[in-house]
Amino acid sequence: MEDLQRNQTTAQQAESLEDWEVNALRDHELHSSKYFRLLESRRKLPVSLRRQEFLDTYHNSQIILVSGETGSGKTTQIPQFILFDEWASGKKVACTQPRRLATTAVATRTAAELDVPLGEEVGYSVRFERKSSKLTRLKYMTDGLLLSEASKDRDFSAYSCVILDEAHERTLNTDLLMALLKMATSRRSCLKVVIMSATLNIEKIQSYFPGAATFEIPGKVHPVEIHYLSDSTPRYCYCAISVVQHIHQNMDEGDIMLFLPTSGDIEMVCSILRKKYKNLTVLPLYSALSRAKQQEIFDDSEYRKCIVATNVAETSITIDGIVYVVDSGLEIRPVYNPRLRMSSVLTCPISKASAKQRAGRAGRTQPGICFRLYTEETHNTCFIPSAPPGILEGELASQILLLKVMGFQSVGTFDFIDPPHPEVYLCGLQDLCAMGYIDDEGTITSKGRIAARLPVHPKWLNAFMEGQKNGCLREMIDLAAISSTQHPIFSRPPPARFAADIAHRRFACPLSDHMSQLNALHAYESAMKTDKRLSISQWCFDSFLNRRALGEVVRIRDQLLASLQQELAYTKEICGFEDAEYDAHIRKTLARSFFYQCALKHPHSHATIYKTVHEGHTAGIHPESVLSREKQEWIVYSEFVSSGIPYLQTVTAVDPAWLIDLDFFQDDSLPKTADGGFKQPLVKKSLDKARKKKDEEEDLISFEELELKATPLVKKSLDTVWKKSDDVEEDLMSFEELDLKVI
Ligand code: ADP
Ligand code: MG
């Protein structure tokens with residue numbers, strides 16, 4: 001390796017190092033036999049056949065756009081080519097992925113291909129989980145994580161080359177990285193950037209980097225026969241099962257890949273197929289699965305494999321041996337409505353580009369067949385050409401804050417590949433202003449700077465500060481960690497939903513979902529501590545709690561504690577479980593931190609219908625909430641979601657008296673109609689009532705206070721009152737005495 005010169009290596013040089021019986025990367029350890037098996041198969045990948053051409057392009061340009069069919073070896077091979085070529089630089093090579101699942105899977109695969117322990121020369125880094133060390137020279141990471149690194153170092157100075165993979169997915173984070181890297185390359189001429197994409201939607205990226213070199217990997221694609229349904233059906237799961245049955249019983253060898261939208265659908269279909277066929281290996285694939293289960297899809301099987309997957313198997317993960325694809329034509333997609341500030345996850349039709357990509361999975365090794373569970377007309381008329389970029393689909397507050405921290409004052413004129421919708425942008429600015437992270441001129445405040453550095457959504461900083469005042473910082477940190485996990489801690493598997501709801505009742509707090517979450521977390525932690533013999537997996541299973549999510553909560557919480565110790569002077573708790581006001585402190589803190597997410601109950605509705613305070617949007621309480629049947633007047637909610645019906649999710653009942661002093665609830669700030677009246681008179685009325693009650697309470701002067709202020713005359717009469725009341729008390733017989741007399 002010592003002989004390699006930066007950006008001057010040849011394919012032949014690298015290959016002879018790879019062919020060596022000792023591992024060139026690891027101080028001359030001997031290679032394992034598995035290494036040579038893998039080496040043989042990866043040398044046959046389309047990209048390996050063109051290694052020298054790739055290196056020539058790489059040496060001659062600073063920015064390179066690589067496109068090629070899925071499975072051609074982009075994700076696993078190109079970073080290795082670059083690793084050898086950049087070895088002499090002494091810096092790292094980063095390769096980003098939009099998804100955590102793919103990040104860890106490809107890092108594991110590449111470490112095996114290079115015959116090094118994962119976490120040493122090849123590592124990965126995803127939010128709240130890192131497997132890398134000082135030795136790491138090739139780092140797979142999620143795009144979000146590289147973005148947060150970039151906020152501290154705009155020049156990407158730890159890296160000699162940054163590879164953005166799956167750029168065709170156009171996630172918000174990858175889009176931002178493209179813009180930042182475009183700028184960084186003009187400052188650091190030795191920084192190389194490689195943008196890799198499947199053969200979808202690449203024109204837009206090409207036009208954004210006009211001077212960049214392009215490198216196309218010609219893929220071997222076999223023809224795929226496409227079949228459509230003659231009539232559409234809403235029962236896509238049952239239709240999919242019938243098609244899989246048909247393939248398994250009547251068609252030649254070859255594995256099956258079935259695309260379904262949700263993990264619930266996947267589990268249901270898998271359990272039916274497993275019961276029906278003992279000679280079919282049915283494997284689910286979705287992000288919530290444990291890593292071991294995800295890895296099973298790559299294992300050999302004596303039977304035909306049927307992989308039932310979400311769209312992760314579309315481009316990020318390639319599985320060999322697929323001959324049949326069954327495509328439901330659906331996927332789940334996050335959608336954000338800035339006017340409602342509502343995010344929803346909807347089951348939507350896929351795009352034409354995705355349909356083509358899914359079908360292509362069947363033709364990787366031999367001619368294949370794709371069964372589309374929709375009509376040709378639906379495909380032609382209802383499917384959009386390609387999915388819109390993430391920047392047009394999400395909330396932007398934290399990204400705007402990040403750009404402001406990096407010194408981009410007017411984010412509105414930032415050179416985005418596709419600029420965000422102005423309404424979403426404005427909405428993000430308004431939210432940041434309400435949180436106190438930017439001032440009226442849009443300049444970032446010192447609080448905003450701290451918020452941007454947090455490893456959770458910046459909105460939590462307010463909760464931490466308020467929690468510190470009220471003695472419940474620890475609980476706010478727990479809640480922030482719970483809200484940042486990928487999956488909910490309460491598990492509600494569809495077939496056992498009712499049983500799950502009953503099991504969850506032992507954690508329920510009647511006034512707050514947040515408190516219920518805390519109760520579940522605390523119960524999990526004490527189960528871990530108190531009974532070492534108890535199997536924690538069994539305990540979680542019986543309690544219908546997601547053990548993986550809870551483990552993640554604990555990890556996130558520990559990271560948060562460490563970063564908060566630096567940011568806020570983290571103090572010991574004042575308020576504990578035994579405090580009578582424990583619940584109230586937490587609810588008050590939530591109310592005062594997320595005041596802009598308050599809603600008021602509609603007084604005349606039979607069902608529990610609420611209206612959000614500022615925007616005046618109507619929504620129900622999510623049926624899974626402990627408050628769904630309660631009639632609390634004021635609530636604070638964490639999410640505004642929709643699955644057809646708009647719902648407020650994760651809610652807590654609050655007392656308006658906790659809010660009345662905040663600027664947001666003063667008459668001037670409440671929304672007005674065109675003629676100057678209050679848009680929501682009920683909000684105004686309820687706030688006034690709370691104010692009046694508070695004033696009355698303050699007017700009641702205690703006897704002790706009265707005594708202090710009293711003139712001698714008043715004092716004398718007070719003494720008479722005291723005496724009288726003492727006499728009355730003496731006259732009152734105790735129960736015990738009364739009992740005695742009765743006997
Ligand atoms: P691309 O990024 O171009 O889609 P990849 O580099 O992901 O291609 O895949 C190249 C080859 O490596 C494929 O044949 C794929 O099956 C194999 N491969 C990738 N990841 C794994 C893994 N985790 N386990 C087994 N094989 C894998
Ligand atoms: Mg790939």
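## Briefing: strands, a barrel and a helix pair

Strand β13 (residues 280-285) is mostly covered, with six of its six residues buried; buried means under 20% relative accessible area, exposed over 50% and partly exposed in between (1.4 Å probe, protein chains only). Welcome to a predicted model, in which local features need pLDDT of at least 70, side-chain atom pairs count only at pLDDT 80 or more, and totals for chains, interfaces and linings use all residues. Residues are numbered from 1 along each chain as its sequence is written, chains are lettered from A and ligands numbered from 1 in the order in which they are written, and side-chain values use heavy atoms, leaving out hydrogens and water.

**The whole protein**

- The protein's secondary structure comes to 27 helices and 23 strands; helices (H or I, at least four residues) and strands (E, at least two) are DSSP runs, numbered from the N terminus.
- Of the 743 residues in the protein, 52% are buried.
- The C-alpha trace spans about 105 × 65 × 60 Å along its principal axes.
- Among contacts between residues at least 6 apart in sequence, 71% join residues at least 24 apart, where contact means heavy atoms within 4.5 Å.

**Strand β13 and its partner**

- Both faces of β13 are covered: Leu280, Val282 and Pro284 are buried on one side, and Thr281, Leu283 and Leu285 on the other.
- β13 runs parallel to strand β14 (residues 304-309), joined by six bridges; two strands pair if DSSP finds at least two bridges between them.
- Threonine 281 has lysine 305 in β14 as its bridge partner.

**Strand β8 and its neighbours**

- In strand β8 (residues 159-164), six of six residues are buried, and the strand is mostly covered.
- Strand β4 (residues 92-97) pairs with β8 in the parallel sense over five bridges, and valine 93 stands opposite cysteine 161 in β8.
- β8 also pairs with strand β9 (residues 192-197), in the parallel sense over four bridges, and isoleucine 163 has valine 194 in β9 as its bridge partner.
- From β8 the chain crosses through helix α7 (residues 172-187) to β9 in a right-handed β-α-β crossover; right-handed means that, with the strands pointing away from the viewer, the path from the first strand over the helix to the second runs clockwise.

**Arginine 188**

- Arginine 188 lies in the loop between α7 and β9, and it counts as buried because its relative accessibility is 11%.
- Not counting residues up to four places away in sequence, arginine 188 touches Gln62, Lys91, Asp155, Phe156, Ser157, Tyr159 and Ser160.
- The C-alpha atoms of arginine 188 and serine 160 are separated by 9.8 Å, with the two residues 28 apart along the chain.

**The barrel**

- Five strands form a closed barrel in the order β19-β20-β21-β23-β22, with mixed pairing.
- Neighbouring strands of this sheet are turned by 50° against each other on average, direction ignored.
- Strand β21 (residues 618-621) pairs with strand β23 (residues 646-654) in the parallel sense over two bridges, and isoleucine 621 has leucine 648 in β23 as its bridge partner.
- Helix α20 (residues 513-530) lies across β22 (634-642) and β23, running at about 80° to β23; axes are lines fitted to C-alpha atoms, for helices over the stretch in contact, and angles run from 0 to 180 degrees between N-to-C directions.

**Helices α1 and α3**

- The axes of helix α1 (residues 11-19) and helix α3 (residues 51-60) come within 9 Å and cross at roughly 125°.
- That makes α1 oblique to α3, since angles under 35 degrees count as roughly parallel, over 145 as roughly antiparallel, 65 to 115 as roughly perpendicular and the rest as oblique.
- Ala11, Gln12, Ala14, Glu15 and Glu18 in α1 meet Arg51, Gln52 and Leu55 in α3.
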